[in-house]
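Biologist: Please take me through one part of this model in detail. I would like to look at the charged side chains and how they pair.

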Amino acid sequence: GKSYEEVRAELDELGFEVESETATSETVPEGSIIEQDIDSGEEVVPSETTITFTVSSGRREIFMIDLSGFSREEVDKYVDENGLYLSTSEEASDTIPVDQVIRQEPEKDTSLYIGERIKVVFSTGPEEAKTVSFSEEVSIPYEENFA
C-alpha cells in the first residue's frame, strides 16, 4: 500500500538492490506496492539482498468494442472475458436477425474498467403484422332486366 518510489529511495539509501514488476489492481492505487518477495521481519543483509516489489499499474482499462451483429453467446463471452456486467433488453427489428445486437451502451471505443455494466438490446426479429378483423353489412341493389 505504500508508494513504491518512496520505499525504493529509502531502501537504496540502506544499500538494498530494488527491483519491481507491475500488475493491475482494482483496489491498490497506481504506483503503490501490492506485495514484496521478502517477508516482514525476515533478517537480511542489505548489500547482499535484492528485494522485488509488485507495483500497481492501477485498474485495467478496457475499450468497448462494437457489438453490432454479435449473438447472445458472443456478448456473454465478451462480458466474461473482460469482467463486465450485462443488462439486456429486447425489441423488434425488421433488419437485425433474432438474438443479435441492435445497439449497445456505452458506444464503441468508450473506456471501461472491470466490474462496470454494459447495456445491450437484442433483436426479437420482425414485428408480426397485426390482423384487424371487422364485419359490416352491405346491401347491393339488384334489378332484373328481362328484355
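Modeller: Start with Arg-72. Its relative accessibility is 25%, so Arg-72 counts as partly exposed, since that label covers values between 20% and 50%. Keep in mind that this is a predicted model.

Arg-72 has a partner. It forms a salt bridge with Glu-90, and the closest N and O atoms are 2.4 Å apart. Arg-72 belongs to helix α2 (residues 72–82) and Glu-90 to strand β5 (residues 85–91), so the pair ties together parts that are 18 residues apart in sequence. Why can such pairs form? Side chains of opposite charge can pair when their charged atoms come close.

The structure holds six salt bridges. Now move to helix α1. Here Arg-8 forms a salt bridge with Glu-5, with 2.8 Å between the closest N and O atoms. These two residues are three apart in helix α1, so about one helical turn separates them. Arg-8 also meets Asp-12 in a salt bridge, at 2.9 Å from N to O. Arg-8 and Asp-12 sit four residues apart in helix α1, again about one turn.

Definitions and conventions: Residues are numbered from 1 along each chain as its sequence is written. This is a predicted model: local features need pLDDT of at least 70, side-chain atom pairs count only at pLDDT 80 or more; totals for chains, interfaces and linings use all residues. Side-chain values use heavy atoms; hydrogens and water are left out. A salt bridge is a side-chain nitrogen of Lys or Arg within 4 Å of a carboxyl oxygen of Asp or Glu. Buried means under 20% relative accessible area, exposed over 50%, partly exposed in between (1.4 Å probe, protein chains only).
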